Amino acid sequence: ISGYMSINMGAIPYITNAVGGVKVTVLDDLSDAGRGVNLVAGEEKVLNGSEAYVYVRKRDTDAFGSADARLRRQEQFITSFITSLNQNSVERQSQAVAIYNAVADYLVTDVDFETLVGTLLGYEFDESNIYTVPGETVQGSEFEEFYVDEEALYDLIIQMFYKEVE
């Protein structure tokens, strides 16, 4: 690993607004009266910062599988965010310092600013870059519990990190 970056969910509104919004087809009905957000499943929408935050964060803890549904929305959001970032990359280069400063409190990285911006602008990313730990979610006595399929995880690790020697 040559570098790492972690960004807290609190940065979602800032990065979303910085790229002019993120276009999605809404996967689930979601609302948050306090943030003035009401999203309807099936609607094609360019999410603003508040909407994006609710979209990637909210789940109904009373509904089984809501964490899985939230994960699908997060995967969709990150893919669409990268697309929005790339579409606006020339324009955004001049705003990179302002964007970075806006999210600096939410960011942990060992990558210097110039490398970070250079890597992100023009970065290619789609659904084929997303991997999910294989397993099963079951209802425990109090909470949902996730059980990893260790054999499938082993196979995934081999596929991702190793190349067959010829």
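Reply: Happy to! One thing to keep in mind is that this is a predicted model. Let's begin with a single residue and its contacts.

Me: Which residues does Asn48 touch, not counting residues up to four places away in sequence?

Reply: Start with where it sits: Asn48 lies in the loop that links strand 5 (44–47) to helix 2 (49–57). Pro13 is 35 residues from Asn48 in sequence, but their C-alpha atoms are 7.2 Å apart in space. Leaving out residues up to four places away in sequence, the contacts of Asn48 are Thr16 and Asn17.

Me: Is Asn48 buried, partly exposed or exposed?

Reply: Buried means under 20% relative accessible area and exposed means over 50%, with partly exposed in between. The relative accessibility of Asn48 is 36%, so the residue counts as partly exposed.

Me: Now the pockets. Which element gives the largest share of the lining of the largest pocket?

Reply: The largest pocket holds about 1100 Å³ of space. Its lining has 34 residues, with Met5, Ile7, Ile78, Ile82 and Leu120 nearest the centre. Elements that give two or more residues to this lining include strand 1 (5–7), helix 1 (12–18) and helix 3 (66–87). The largest share, six residues, comes from helix 3.

Me: How many residues in the lining of the largest pocket are charged?

Reply: The lining of the largest pocket is made up of 34 residues. They divide into 26 nonpolar, seven polar and, finally, charged: one.

Me: And how many charged residues line the second largest pocket?

Reply: This pocket has a volume of about 190 Å³. Among its lining residues are Asp68, Arg72, Glu144 and Glu145, and helix 3 gives the most to the lining, with four residues. By type, the lining divides into four nonpolar, three polar and, for the charged group, four.

Me: Which element gives the most to the largest nonpolar core?

Reply: This core has 22 residues, and Ile12, Leu39, Leu47, Tyr55, Phe77 and Phe81 touch the most other members. Elements that give it two or more residues include helix 1, strand 4 (37–39) and helix 3. As one example of contacts, Leu39 touches Leu47 and Tyr55, among others. With five residues, the element giving the most to this core is helix 2.

How values were computed: Residues are numbered from 1 along each chain as its sequence is written. This is a predicted model: local features need pLDDT of at least 70, side-chain atom pairs count only at pLDDT 80 or more; totals for chains, interfaces and linings use all residues. Side-chain values use heavy atoms; hydrogens and water are left out. Buried means under 20% relative accessible area, exposed over 50%, partly exposed in between (1.4 Å probe, protein chains only). Contact means heavy atoms within 4.5 Å. On a 1 Å grid over the protein atoms alone, a cavity is a set of points where a 1.4 Å probe fits but cannot get out, and a pocket is an open set with protein on both sides within 12 Å along at least five of seven lines; lining residues have an atom within 4 Å of a point. Grid points are joined across faces, edges and corners, and a volume is the space filled by probe spheres set on the points. Ala, Val, Leu, Ile, Met, Phe, Trp, Tyr, Cys and Pro count as nonpolar, Asp, Glu, Lys and Arg as charged, and the others, Gly among them, as polar. A nonpolar core is a set of buried Ala, Val, Leu, Ile, Met, Phe, Trp, Tyr and Cys residues joined through side-chain atoms within 4.5 Å.
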